[in-house]
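Hi,

Here's the structure I said I'd pass along.

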Amino acid sequence: MARSALLNVMVQAAIKAGKSLGRDFGEVQNLQVSVKGPGDFVSNADRKAEKIVKDELMKARPTYGFLGEESEEIKGTDGAHRWIVDPLDGTTNFLHGIPQFAVSIALERNNEIVAGVVFNPATDELYTAERGGGAFLNDRRLRVGARRVLSDSVIGCGVPHLGRGNHGKFLVELRHVMGEVAGIRRLGSASLDLAYVAAGRFDGFWETGLSAWDIAAGILLIREAGGYVSDWDGGSSILETGSVVAGNEYIQKALLDVAKRPVPSR
Ligand code: IPD
Ligand code: CA
Ligand code: CA
Ligand code: CA
């Protein structure tokens, strides 16, 4: 597997930030934690990791724009390129000592995602993709799952935070999907959830209310692994709407159909 110079920069940044997260993961009781919104926490581990990623990426390509969860957006002078970064995706897991979290880095060129890296430092799993070059888990080429029917499938999802007022809608979706599938999982890191679809661990995934940094890298992983990703309406406004429905061509379509069934009247 040959990686471009740019992908190597992204991988090095993710690994360096991952090392910092790994050290803080062993000392979570000493972190300073604040609350950004309902169920949305941030700690000095998130901020440190973002600074590491930002410094590495901006050093390599100073003219590119930078959108990260924990800092002000930088508009690049270059106009065509933008990094999209979640330095710690799965902060709640991290703060609870659950080893399901990741550094997620994507590169956008003229509004298209052209490279993506998702790295879980707790398991040393590094997911990478470049447009047209396939998706990989460490050195292994990835392919989405082959199951064609929901009744055989394990589907991942995200649960909207309490207080955002959309639980009613989510519970309807969940009820519809649960009635059709072999199993449902909620692992708590959207970037890894999408990477799991790319790796065929999940047959499909859906979540709404996400941000671009949660999903930009994962979308490319899935497409490069032969999968399909759309927004909630079946369109391509995924980063803009923060809604994502993913799987192979059969499961993605079936999931869209099932999850969008109308709310039952009783
Ligand atoms: C969160 C995770 C989670 C998703 C939340 C995100 P964070 O990201 O991706 O799986 O359900 O909506 O906010 O805050 O841990 O980076
Ligand atoms: Ca957050
Ligand atoms: Ca996130
Ligand atoms: Ca985050």
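Which of the 15 residues around ligand 1 come nearest? Those are Asp89, Thr91, Gly158, Ala190 and Asp214. Before you go further, bear in mind that this is a predicted model.

As for where they come from, β4 (81–89) and α3 (91–95) supply at least two residues each. The top contributor is β4, which gives three. Both domains take part too: domain 1 (5–141) and domain 2 (150–259) each put at least three residues into the shell.

The other thing I looked at is a helix pair. The axes of α1 (residues 5–25) and α2 (residues 44–60) come within 9 Å and cross at roughly 160°. Anything over 145° counts as roughly antiparallel, so that is how α1 and α2 run relative to each other. Their crossing is right-handed.

- From α1: Val9, Gln12, Ala13, Lys16, Ala17, Ser20, Leu21 and Asp24.
- From α2: Ala45, Lys48, Ala49, Ile52, Val53, Glu56, Leu57 and Ala60.

Sorted by class, the residues of this α1–α2 contact are ten nonpolar, four charged and two polar.

Cheers

Conventions
Residues are numbered from 1 along each chain as its sequence is written. Chains are lettered from A and ligands numbered from 1 in the order in which they are written. This is a predicted model: local features need pLDDT of at least 70, side-chain atom pairs count only at pLDDT 80 or more; totals for chains, interfaces and linings use all residues. Axes are lines fitted to C-alpha atoms, for helices over the stretch in contact, and angles run from 0 to 180 degrees between N-to-C directions. Helices (H or I, at least four residues) and strands (E, at least two) are DSSP runs, numbered from the N terminus. Angles under 35 degrees count as roughly parallel, over 145 as roughly antiparallel, 65 to 115 as roughly perpendicular and the rest as oblique. A crossing is left-handed if the near helix is turned anticlockwise from the far one by less than a right angle, and right-handed if clockwise. Two residues are in contact if their C-beta atoms, placed from the backbone, lie within 7 Å. Ala, Val, Leu, Ile, Met, Phe, Trp, Tyr, Cys and Pro count as nonpolar, Asp, Glu, Lys and Arg as charged, and the others, Gly among them, as polar. A residue is near a molecule or strand if its C-beta atom, placed from the backbone, lies within 6 Å of it. Domain bounds come from an automatic or database domain assignment.
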